[in-house]
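Let's walk through how two chains meet in this model. Keep the viewer open as you read.

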Amino acid sequence: MKKFAICLALVVVLGLAGAALAEEPIRIGVYLPLTGQNAFGGQLERDGILMGNKEKPEVLGRKIEVIVVDNKSDKVEAANAVVRLIEKEKVHAILGTYGSSLAMAGGEVSEKAGIPVLGTSCTNPLVTQGKKYYFRACYIDPLQGSAAAKFAMDVLGAKQAAVLKDVAQDYSVGLSAYFKRAFEAAGGQVVSDLNYQSGDQDFTAQLTTIIGQGAEVLFIPSYFAEGAIIIKQARELGGTFHIMGADAMDNPDMITIGGKDIEGFVYSTFPYAPDMPGMSEMAKTFTENWKVQFPDKDPNANSAIGYDSYMLLVDAIERAGSTDPEAITKALAETMNWEGVTGSTTINETHDAVKPVGFKRVEGGKQVYVGSVIPEM
Amino acid sequence: MAADKKTFLNLASVVLLGLFLWWAQGHLDGYKIQILNLVAINIILALSLNLIYGFTGLFSLGHAGFMAIGAYVSSLLILPAAQKATIFLLEPLVWPLSVLQAPFFVAVLAGGIAAALFGFLISFPVLRLGGDYLGIATLGFAEIVRVVGNNLSGITNGALGLKGIPNYANIGWNYGWCLFTLYFIARLVNSNFGNVLKAIRDDETAARAMGIDVLRCKVVSFTIGAFFAGVGGALLASLLTTIDPKMFLFLLTFNVLMIVVAGGLGSLSGTVISGIVITVLLEWLRFVENPVTIGSLSIPGIPGMRMVLFSLALLFIILFRREGIMGMKEITWDGLACACRRKGGDDRD
């Protein structure tokens with residue numbers, strides 16, 4: 001009888017332990033700039049991630065718990081956020097962040113801890129360089145710069161380009177350099193390469209020079225607020241050249257700021273738009289669900305890349321068959337032709353996403369998807 | 001209390017701190033270690049600003065500039081040549097910086113000296129100004145450093161910044177420099193020269209009338225403060241392993257100034273206490289941004305809420321203790337002994 005009681009107790013204890021183990025959620029950490037200068041992008045990406053979690057709340061028969069930490073658009077906070085997620089929240093993997101400089105600070109911490117991170121929209125090539133555990137769901141600046149140069153030459157027919165960059169933003173400086181390199185390599189000529197500083201409001205000096213140089217296309221890798229002002233001033237000064245931008249311009253407020261002057265503006269972004277033709281089933285589902293959850297705001301490329309990052313990470317955990325960081329890392333590295341909202345994604349040997357670069361044009365006060373380019377780097 | 005007894009107690013405190021840090025290294029998780037490291041760096045930065053502002057009365061807002069100089073000089077000296085070649089994507093790093101490499105201690109020292117040199121050079125024109133004008137001039141200097149950092153891509157890599165800086169700034173280095181800073185500044189402010197600085201702070205005209213070379217003393221204080229700000233910047237760069245000019249905005253100076261004011265202008269003990277409290281509080285308050293579920297009611301987390309609470313805490317300090325946590329007072333062994341005796345007396349009553 002005593003033996004039976006002991007056996008029964010053991011069975012109960014083991015059963016409860018097993019149940020507890022099965023119940024233990026898979027924790028995914030998210031570090032994004034929810035306040036500070038990059039908050040507009042960080043908040044949209046967070047919304048996309050949380051929507052993904054709502055749609056797919058379980059993997060491997062376990063609940064997924066998403067822990068979001070604000071990095072305040074600050075390097076020190078970004079490093080602290082990643083350490084906190086790893087050490088205090090005991091996450092199995094991490095998503096983030098918007099902003100390459102923040103990703104670099106966080107990446108050093110995760111690398112040391114051996115926890116896989118999937119970057120959302122940190123496009124600087126240095127983010128994943130020499131890293132075993134850092135990946136990204138977005139393309140890198142050389143790819144985007146090359147695609148923009150290809151579009152400028154092949155679609156817009158431009159042979160002479162001008163570049164106006166924000167010398168204080170790593171994103172702007174890097175992207176403009178890659179555009180310039182690709183444009184010149186394709187036989188084009190960059191007639192003007194001018195600078196401004198974050199916070200500037202008057203761009204007439206630079207724009208007057210650009211108009212005088214006879215550029216056929218102006219490339220402005222700016223954030224949407226300053227970019228819209230540049231376009232407005234360029235048109236007011238009589239500039240008739242094409243104006244191109246990049247993914248940081250993909251914000252509905254750009255049209256509000258720029259008004260009618262922004263008509264015809266083209267920019268590269270992740271290949272997603274809520275009204276794009278030939279939309280995949282996943283993109284359709286995402287768009288419909290977004291409109292239900294956030295009826296007051298349109299989805300954009302940032303929310304789509306946030307959603308894709310979450311779904312791709314969950315898919316990697318599923319393929320890994322466990323929450324072991326090494327297994328997840330291996331699964332992420334083996335990602336091939338994964339179909340998401342922002343198109344097909346393959347993770348290459350440098351842990352960067354190889355995917356099409358989308359283009360949108362402002363037509364009739366709306367951001368219209370015009371197609372995508374798969375550039376050669 | 002006898003001097004040798006104080007020396008013994010000071011050494012015992014250092015040994016105890018060393019033992020705690022040794023224990024922490026082996027037993028605390030990376031998150032707490034990170035906070036401990038930031039505490040040390042923030043104390044260094046705040047002590048250096050307290051020397052300039054709290055003890056000499058120079059309202060300087062240029063600390064971020066000195067930190068940037070220290071961070072860049074030190075980082076360029078400890079970065080391996082191969083890493084330098086990799087990260088300078090737009091323009092190659094100028095010779096001899098491209099091949100130069102130094103041990104961490106030398107690099108931090110060089111960062112401090114470079115910052116001190118700039119502090120010395122700008123002090124002559126800037127320190128002729130006073131009050132708010134001095135604040136604006138030093139703020140201008142910090143902005144110039146940042147803008148130059150953005151544009152000198154052959155040295156600083158421009159807005160792309162430096163990445164992959166070796167992570168040498170561990171607890172040992174950070175607290176070693178922290179203790180040295182505290183010791184040096186404590187000895188300085190308690191010396192005759194320290195009394196001169198306090199005299200300048202309290203009444204510059206009277207100090208000048210007594211034959212004090214006010215400008216010279218201000219320059220020395222400003223230069224020493226700049227040196228330690230450079231050291232703090234160098235340690236921060238190595239701790240984070242990545243820097244760029246955007247990191248050294250006015251907000252960084254403001255964060256250091258906040259520690260100094262909250263601790264008490266002219267109090268080293270206050271600065272140390274405030275450095276610990278503010279650094280820990282900023283992280284500890286993160287819980288207020290987490291979503292809360294009470295039964296069926298779910299309250300979403302509000303990003304930035306901890307900064308609201310933190311600001312309220314600072315407001316509370318300023319309203320109810322305008323002079324800061326310690327005012328101008330210091331925690332001394334004599335004071336502690338006196339307090340213990342009083343406590344003992346109270347217990348016997």
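Between chain B and chain A there are two salt bridges, in what is, keep in mind, a predicted model. One of them joins B:K246 to A:D170, with 3.5 Å between the closest N and O atoms. That sits inside the 4 Å cut-off used for a salt bridge.

Where does the side of chain B that touches chain A come from? At least two residues each are supplied by α2 (30-55), α4 (81-87), α6 (131-151), α11 (214-240), β2 (242-243) and α14 (305-320) of chain B. Of these, α2(B) gives the largest share, four residues. Sort that side of chain B by class and you get 15 nonpolar, ten polar and eight charged residues.

Now for the overall extent. On chain B, 33 residues are in contact with 38 residues of chain A. The two chains bury about 3200 Å² between them, and 56% of that is on carbon and sulfur atoms. Within chain B, the residues losing the most area to chain A are B:Y31, B:K163 and B:K246, which together make up 20% of what that side buries.

Finally, the record. An unreviewed UniProt entry lists several stretches of chain B under "transmembrane region", among them 31-52 and 102-127. In the model, residues 31-52 of chain B are 100% helix, and the end C-alpha atoms lie 32 Å apart. Residues 102-127 of chain B come out at 88% helix and 0% strand, with 34 Å between the end C-alpha atoms.

How values were computed:
Residues are numbered from 1 along each chain as its sequence is written. Chains are lettered from A and ligands numbered from 1 in the order in which they are written. This is a predicted model: local features need pLDDT of at least 70, side-chain atom pairs count only at pLDDT 80 or more; totals for chains, interfaces and linings use all residues. Side-chain values use heavy atoms; hydrogens and water are left out. Contact means heavy atoms within 4.5 Å. Buried area is the accessible area (1.4 Å probe) that two parts lose on being put together, summed over both. A salt bridge is a side-chain nitrogen of Lys or Arg within 4 Å of a carboxyl oxygen of Asp or Glu. Ala, Val, Leu, Ile, Met, Phe, Trp, Tyr, Cys and Pro count as nonpolar, Asp, Glu, Lys and Arg as charged, and the others, Gly among them, as polar. UniProt positions are given in the numbering used here, feature names are shortened, and annotations may be inferred rather than shown by experiment.
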